[in-house]
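The sequence and structure come first.

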Amino acid sequence: MAGLELLSDEGFRQDGRKPGELRKIQCRMGVFAQADGSAYIEQGNTKALAVVYGPHEVRGSRSKTLHDRAVVNCQYSMATFSTGERKRRPHGDRKSSELTIHLKQTFEAAILTQLYPRSQIDIYVQILQADGGNYCTCVNAATLAVIDAGIPMRDYVCACSAGFIEDTPLVDLSYIEEAAGGPQLALALLPKSDQIALLEMNSRLHEDHLERVMDAASKACKDVYAVLDQAVREHLQEVTALLGDQGSA
Amino acid sequence: MPVDSRRVRGPEDGSQSPALYAEKEKEGEKVLRVGRGPSEQRAVCVRAGLLSQAAGSAYVEVAGGSKVMCGVWWGGGEGRLHCDLRWARFSSPSTGSQRRGGGALLLQQSLESAVRMERYPRAELMLSVLVMEERGAALPMAITCAALALADAGIEMYDLVVGAAACRGKTGEILLDPTEEEEEISANMYLTIMPNLSQVSGLLCTGEWEGDSPVEAMKLCMEGCQRLYPLLQQSLLSSSKKKVPPPGPEAS
Amino acid sequence: MEVSSESGPPTHGRCIVKRRMEAVERSLRMSGCELGLLSRPDGSANFLQGATSVLAGVYGPAEIKVSKEMHDKATVEVMVRPKVGLPAIQEKSQEQLIRETCESVINGTLHPRTSITIVLQIINDDGSLLSCCLNAACMALIDAGIPMRGLFCAVTCALPVEDLLIVDPNLKEQKESRAVLTIAMESMEKKVLTVSSRGTYSAEEFQQCVGAAWVSASDIFQFYKDSVKRKFSKS
Amino acid sequence: MASVVLSEAEKVYILHGVQDDLRTDGRGCEDYRVIEVETDVVSNTTGSARVKIGHTDVLVGVKAEMGTPKLDRPGEGYVEFFVDCSANATPEFEGRGGEELGTEISNMLYKIFDNQSSVDLESLCILPREHCWVLYIDVLLLECGGNLFDTITICIKAALFNTRIPKVNVLEDDEGAKEIELSDDPYDCMRLNVEGVPCIVTLNKIGHRHVVDATLQEEACSLASVLVAVNMKGTLTCMRKMGKGSLDPESIFEMIGTGKRVAKSLHVSLQSVLNQEESMGKKRQKIGFLR
Amino acid sequence: MAEGFKLVEPLEFHRKFLRENCRPDGRELNEFRTTTVNVGSITTADGSALVKIGNCTVVCGIKAEFATPPIDAPNKGYIVPNVELTPLCSPRFRPGPPGEEAQVASQFIADVIENSQIILKEDLCIESGKLAWVLYCDLICLDYGGNLLDTCVCALVAALRNTRLPSVKINEETGLAEVKLSTRNALKIHKQPVSTSFSIFDDKYILVDPTNDEEILATGLMTIVIDEDGTLCTIKKSGGSALSAQELQDCISRAITRHKEVQNLLDEVQVSVTTEK
């Protein structure tokens, strides 16, 4: 850790951001035609794709069927070339399996699954380029894809990571900041109701600081929400404009 | 590396073939093919119906070369042909190993176009091929052997499938039925045909083929297949003479 | 079943094997067997031979996958879980041996189309592991109330040097021996049910081991009886 | 792959169109759909490209890593292929569902690159017997709308064109011990000659004719196809018959001819696109998936 | 007629024969089927043998490779046996990784090698701690006609006797191995174990060398492996009908005579191969 200054005396981070500042978010909905919903998002140098299939009949063994709501099925995978060191397998390793479960829990909390009993919704996310905050980026991408698929949710799910360095909470950590090994928190929030869909923390953080870090993270999630909401509105305008064209033709 | 818990464990960091440490023969122009013309095949010995447990079986041996065994049996699935192709560890000659991936696919596709699977909608045909010794051109031999085993089992087919291999050396000469040394240093072609219908059921070629050479090699292979055909018919005849009355597919 | 008022520790069987001039005297190390200690399985037993300890659980007769179903008898399955690591091919071989031994005493025809699963967790190995596994399996089957034609018990014998035979050896004795045999006897005619061996030995030595196993078997069967009695007298 | 089930009438419609050299989307039998190519899309790689033909979408990342040469080829580096048929393309590929197709494709890739001219493997060697570059060519299948093999090989060629392997200096000290030093200058790098890199042209037999770049619907009409891998010089490096049907030898000869002809123009236009893209240098707006 | 009876009432069919002290294929209870041994037919292997006992056919190929000796035993090489029961030999077996029967058979062969010391692993070491031979002994069953283990052990011994390893020298300057593929040396065979299997029928008849049917209908199976000195290397009896000490002794005696039969057969084959060359 020594020699690497993550926060300068002037209060700037390595990439020039302020502690509470997000990286640039760029996104697009409806990337693929064959899927029911899809989205692509870039948060700084972290790039993720999300695809949604469904709701459809439950695939595979029928025993998975739930009679009062839809099954949310997820898969988190990382392209073998997405990381600095080549990954041997895109998914199926311990880390991806863990994130797959997290993703499932997050979206089970957000999607109105009771509207689709006996059916299944697939959410597949893929990291194309990894530069910190992979899980959060995937959640944001998946949110857009679910919206693109027209599946009703309680609210957007917005996720953001946060860390705590030199008595300052940092949000939206980059790979270098993650690798430094300080405490790390991933928060997935339903921003309107301030409800937490998923919260995970690694490493040690003093109890007294938790509230500040949480505050910073939830503020960041709300910032993410603003960007996503903007993107969705723009996308919808485009689509309706196209539909309008077709209608008049 | 994951350890295979279902086999006796070998050395932890793997092993290498001693051939890699052997004194190399001079890399100069090796004379390919002595005593055999470029379009001449090695003698082949064929026997059908020699396994006691399988519904149909066949064994093909090339003189001084490849040995292939195949068995066919019925499984309980839905109208589909299931192929299993394997090379015994001791089958490969000591000189290096080549990538054999995809052989099973060629086997499957070559046979699928000949077997009338629609006649058996409620049965699964299982086919297992073992290459015991590889001295060049074992893959097309394996396909020939498999077709023979299917015929021995009394499976309905449009025609037998016969395979042949050819290779193209660095100087452009095309040789039929190459040995493993010839295969090693040249471009290879495997072709399977249904001789009576004169239809190509499988084709795979790798390496560099310039100009019209692929067409030429295909023609050579087809001639080779046609020459092999009577031999196969003969062996089927003698195997079915042995088992009178011929058992139907239900017999298993 | 006869419930005796007698309680207290079971008598340790003593086994004396006379060979020509030399006599090896030694007691079986059976130090305890607790029955029904697990709540999930239908029957369970923890069998201790000295420091060797095996925990067995029996599930069944229970529902079975169609692919494994046998229409005329129950399907017996045995799983051996080593102390550390994953089961390998050696465990597979042991599983088959234990399964076939159990199958030969279980009245499987009474429960066709069901499964009887025996799970053996090795807790500690201090020699005579295979016999401990077999004994634990038998006790767990008793505890589960699986109908059986008879019982079986297993004895491990080690042949360290010429003219010496050790019954129920510990790990050190086992390692120093040129041959180790495990013999299982059934309780009805006291004949040999199962043999498994490591190392080389003569036919004569083999017969001596069978003899030693025969002698020890009565002690073990008595120990079985006492263990069951104890369980019922407690509750 | 989104599976397509066609009715008899639809099949006849497609077949008749092909017979008259007019396909359902207006193309002739030897025409490709619009091919979108973009290189340098993933920055963590030594080379990358994305190619989109119709609804088929493929991303290829090339990573060069240091390794030891294979024992039987001590003076060469080597290439490893991995094809990830991701669940993105279809839910059937979830978990291990895509593995079968993935291995089939990577087997095919090994075969088309299994010759001296495709990639100059000797240039990948750093120190004979000790160090070499291993090129990991990872294919990520994102969407599949027919003609998978062609799209993948075009994408691989583009990614290899984009590949820049860092220069390596071998230092030898007085005792003869060798040390490897990576060049500090990120612009000091080695490029690959992609002239020998072949592309596959898949020819689907439909009725009595054959078409290139078939859509999923057309693939469903075809019982047999021939894959021809051809490099820029017109040398065939791999050929394979696919599918359940059998083919007349004469039509295979014809297909080889068509394959070579189409491949030639494919290579020429691909090269010009790649050159053009490169000439824009830093000014090029990277698009990626943002439209 | 007999075929029908056999199919419908297989147990009764066999009992009828056994009551007359003979077996459906005409053998007596303690008689082996014809055993044929063919060595060196697979030229790509360093040693090979094809053994048939009746219908049961096993081909064994030995492939020798280099590896670093194990850390805990730097002066030893490796012997890795592997029994493969492919669908080729019987529809019972499925393609893919080895099933239980194959695993148990592989472990049995490994035990036989370990117990009998056919080959000392020390002999396989080329340079202590640096280089050793690995002998991959692949036993592939081509036709499962009953009595797999006896066939496997016989094929293994025959193949090992047939094995010729290329000569190796360690180059002192480079420390690399130098191999001469043209000069080859035989392995030192210390012991020649022979396996004899029995099936117990209806708890009373003991049949030697059971066929596939006899194995399926048996109430118990036992395999005894013995070497030329009459020393027992392995007795494997897992469950089934219980046997008395006397019955066990009879089986051991039969195994001793079987050893002589096989030994003679292997010697004959050896002689015929060497004279051919």
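In this structure, 28 residues of chain C are in contact with 24 residues of chain E, where contact means that two C-beta atoms, placed from the backbone, lie within 7 Å. This is a predicted model in which local features need pLDDT of at least 70 and side-chain atom pairs count only at pLDDT 80 or more, while totals for chains, interfaces and linings use all residues. Residues are numbered from 1 along each chain as its sequence is written, and chains are lettered from A and ligands numbered from 1 in the order in which they are written.

**Chain C against chain E**
- On the side of chain C that touches chain E, α1 (89-103), β11 (192-199) and α4 (203-234) of chain C each supply at least two residues; helices (H or I, at least four residues) and strands (E, at least two) are DSSP runs, numbered from the N terminus.
- The most comes from α1(C), which gives nine residues to that side.
- By class, this side of chain C has nine nonpolar, 12 polar and seven charged residues, with Ala, Val, Leu, Ile, Met, Phe, Trp, Tyr, Cys and Pro counted as nonpolar, Asp, Glu, Lys and Arg as charged, and the others, Gly among them, as polar.

**Chain E against chain B**
- Here 46 residues of chain E are in contact with 34 residues of chain B.
- β3 (56-67), β4 (78-85), α3 (100-116), β6 (131-143) and β8 (177-186) of chain E each supply at least two residues of the side that touches chain B.
- The largest share of that side, eight residues, belongs to β3(E).
- The side of chain E that touches chain B divides by class into 28 nonpolar, 12 polar and six charged residues.

**Fold of chain B**
- Chain B has four helices and nine strands, in the order β-β-β-β-α-β-α-β-β-α-β-β-α from the N terminus on.
- Of its 252 residues, 50% count as buried, meaning that 20 or more other C-beta atoms, placed from the backbone, lie within 10 Å of the residue's own.
- Among contacts in chain B between residues at least 6 apart in sequence, 72% join residues at least 24 apart.

**Chain E: annotation and one helix**
- An unreviewed UniProt entry lists "domain: Exoribonuclease phosphorolytic" at residues 31-166 and 192-256 of chain E; such annotations may be inferred rather than shown by experiment.
- Residues 31-166 of chain E are 24% helix and 38% strand, with end C-alpha atoms 40 Å apart.
- Residues 192-256 of chain E are 28% helix and 37% strand, with end C-alpha atoms 12 Å apart.
- Helix α4 (residues 148-162) of chain E has 15 residues and reaches 21 Å from its first C-alpha to its last, close to the 21 Å expected at 1.5 Å a residue, the expected span being 1.5 Å times one less than the number of residues.
- Because 15 of the 15 residues of α4(E) are buried, this helix is largely enclosed by the rest of the structure.

Note on methods:
Buried ≥ 20, exposed ≤ 12 C-beta atoms within 10 Å, placed from the backbone.
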